[in-house]
Protein chains: 2
Amino acid sequence: MMTLDEKFSALEAENAPGQEVRQFTGNLNDIMRGNKYSGVPVDFSHGDVDAFPPIPGSSEAWKNGFDKGGNQAYTEYRGAARIRESLARRLARFTGSSISADNELIITPGTQGALFLALGATVSAGTKVAVVEPDYFANRKLVKFFDGEIVPIPLHYQGSPSENGPDLNQIEDAFKSGVKVFVFSTPNNPTGLVYSGNAITEISALAAKHDVTLIVDQLYSRMLYSGEVYSHLRACEIQPENLITIMGPSKTESLSGFRLGTAFGTARLIERMERLQAIVTLRAAGYNQAVLDTWFQEPEGWMEKRIREHEAIRDELLKIFRAADFLTATPQAGSYLFPQLPPLDVEPNTFIRLLRHQAGVTVTPGTEFAPGYSDSIRLNFSQDHAAAVAATERIVKMVEVYRK
Amino acid sequence: MMTLDEKFSALEAENAPGQEVRQFTGNLNDIMRGNKYSGVPVDFSHGDVDAFPPIPGSSEAWKNGFDKGGNQAYTEYRGAARIRESLARRLARFTGSSISADNELIITPGTQGALFLALGATVSAGTKVAVVEPDYFANRKLVKFFDGEIVPIPLHYQGSPSENGPDLNQIEDAFKSGVKVFVFSTPNNPTGLVYSGNAITEISALAAKHDVTLIVDQLYSRMLYSGEVYSHLRACEIQPENLITIMGPSKTESLSGFRLGTAFGTARLIERMERLQAIVTLRAAGYNQAVLDTWFQEPEGWMEKRIREHEAIRDELLKIFRAADFLTATPQAGSYLFPQLPPLDVEPNTFIRLLRHQAGVTVTPGTEFAPGYSDSIRLNFSQDHAAAVAATERIVKMVEVYRK
């Protein structure tokens, strides 16, 4: 087992999205080639909630919660019953399978909170956990924090649609070799790959057969681009005994500033997650919970317009990266691009710091998502369209300047 | 080491404050003596933020945060730099020792969040942790969750002021026997006992000598009653290398619905706590953080009035309990009473459920604060004055009815 020093060294967060302000930039001027670039700075490490503002009425919904006073301030740890009631119905409709508001749903401080509780409820010293590579950076860190053992599952995302997806044979091997928990995101963060209906059905059946707990992070499942199809694990015919689905309104709906998420599924696990929440944060902020009333009941056409606008940005950035010969998969959903950079004269992490210092462009290094992805960068393109295009052009220019 | 089943059984939260709605009340009518009592229901498990509303301007401060948009939604994991800057100055003034806003302060989702992060940063499998009995219920649960080993320290609170306090000899013995972390609250939850200047100086010196990390929860240190003196660990001359102080505006200031807390002290531990926060909840809700601008800058006279009003409730409830011969210590600070009930015909937990069912009075069982306190109950008397008095009279009546 790791010592606390080793554990916290594994949790190093300096390169995590949003933490770039804490980085040391002392020597960058010495190695910088040419001058700084002009242009609106763009922080691709997270979405821009000024360019894509929160669901209309979210601030008013918050105020309604505040005005309710004590009842809304102090809810059950799993969240206010009234809010869970109607939310369970809407989430059931979206995911294709019923949810008991009383026993199968918990409101958490963001989907990060839900992931933490779900892994805390299922992973302890020595638990083997299958983790996809690449996938959301916290998955690996959480397994390490709980002293679990990571079993990596490769994700193919740069091929044709029929080649892409998680390696199902390796999943089966992992399940056979004693894996107890499988955690993954679909749409995948950072690639935007959506697991096919076949992959989802297979994963569900394999988990049922080998008694593996599934934790599926569907954070981006609503932002699905033209022609794409989404498959919900919860709607599969053959299901494992333990299945937790995680969703939240932080991304597509821009409610990140409220820290709201949900997890739903197996009652026994939701109960554990609530017990853990009682010693972690007590509950998602009471007044904020009221904002969930706006979720999955956005004004008509609002979501469709939001998806259309993101698709337009996606298409234009893809064109720029591909014109410059950066291998870049087409995200089927979500607002992440994960281009692969050509060989450079400087270390990838130095290039990323230069990008921020010289070109005013913040991106997240691929190594946050799996070891071995140092030549890739993640962009959250939920940004002002014109600013995102100009910033992407600056990335391409910078790569030319520092190319090997 | 405990299995997950054992661990989550130790985290049982059914009797935790606020969770009473999830209790089974099926058979209470069969054992109830007499009829239900009339009167306004009072929930003493937590403070009533309708009777004592949040700091004036807190909702407006939240709206200012929301209107700032992206900058306020996505802060560093340790909280927005601007807010930490001014808050560090105010907390330093209150606690008598300077705080670096950059390295020594983290904003957390409630003080519960701060406690979780502080123990997560210092406790792992086998770490010996000294825990006071009675003390805040989550302390013990947190140590168990992180697989630490609890070393109990008795607190004397029913004697004269000179007899009261933690057992300093046992603290020294514990530190000598390999305890690495000591966590405690002052004012103590649930008794309202304030650690004396002498006790604080001794604890600090002993921790320095034996290299013990101190985690002190000062949540209630602002609500200090007439004639009482408060001593801050941070202001001691001899200090241990590792000291974290925890405070927040959830109680005295009634901001619980915002889930805001702070921890400040040793930079190395704050850094670890931030790394942990990155995988637990990312950050305290961004917009909510803006409400910290109202903390320690309340309108003139507001805090004094709040303390006066609580002191008046304290005095009247003490009178009622003592007239009925319930042994009840005088809280020196905070809004908790911890009376000891006489022997009853029914199990203490059954009596507590009857109290809720028959008399509309919710209290927290003493066993939440330490094993062996089943004859005591905790009341948070931050309630409407008249309703609290009437409810306390109902408790006394109920005890008469069910007395052995």
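Which residues of helix 13 of chain B are buried? They are Phe351(B), Ile352(B), Arg353(B), Leu354(B), Leu355(B), Arg356(B), Gln358(B) and Ala359(B). Buried means that 20 or more other C-beta atoms, placed from the backbone, lie within 10 Å of the residue's own.

This is a predicted model: local features need pLDDT of at least 70, side-chain atom pairs count only at pLDDT 80 or more, and totals for chains, interfaces and linings use all residues. Residues are numbered from 1 along each chain as its sequence is written, while chains are lettered from A and ligands numbered from 1 in the order in which they are written.

Helices (H or I, at least four residues) and strands (E, at least two) are DSSP runs, numbered from the N terminus.

Cover for the buried residues of helix 13 of chain B includes helix 2 (28-31), strand 13 (377-380) and helix 14 (385-402) of chain B. Gly360(B) follows this helix, with a positive phi near 65 degrees.

In helix 9 of chain A, the buried residues are Ile200(A), Ile203(A), Ser204(A), Leu206(A) and Ala207(A). Seen down the helix axis, they fall within an arc of 165 degrees (taken from the directions from the axis to the C-beta atoms), so they line one face of the helix. They pack against helix 8 (168-176), strand 6 (181-185) and strand 7 (213-217) of chain A. Just after the helix, Asp211(A) has a positive phi of about 55 degrees.

Definitions and conventions: Buried ≥ 20, exposed ≤ 12 C-beta atoms within 10 Å, placed from the backbone. Contact = placed C-beta atoms within 7 Å.
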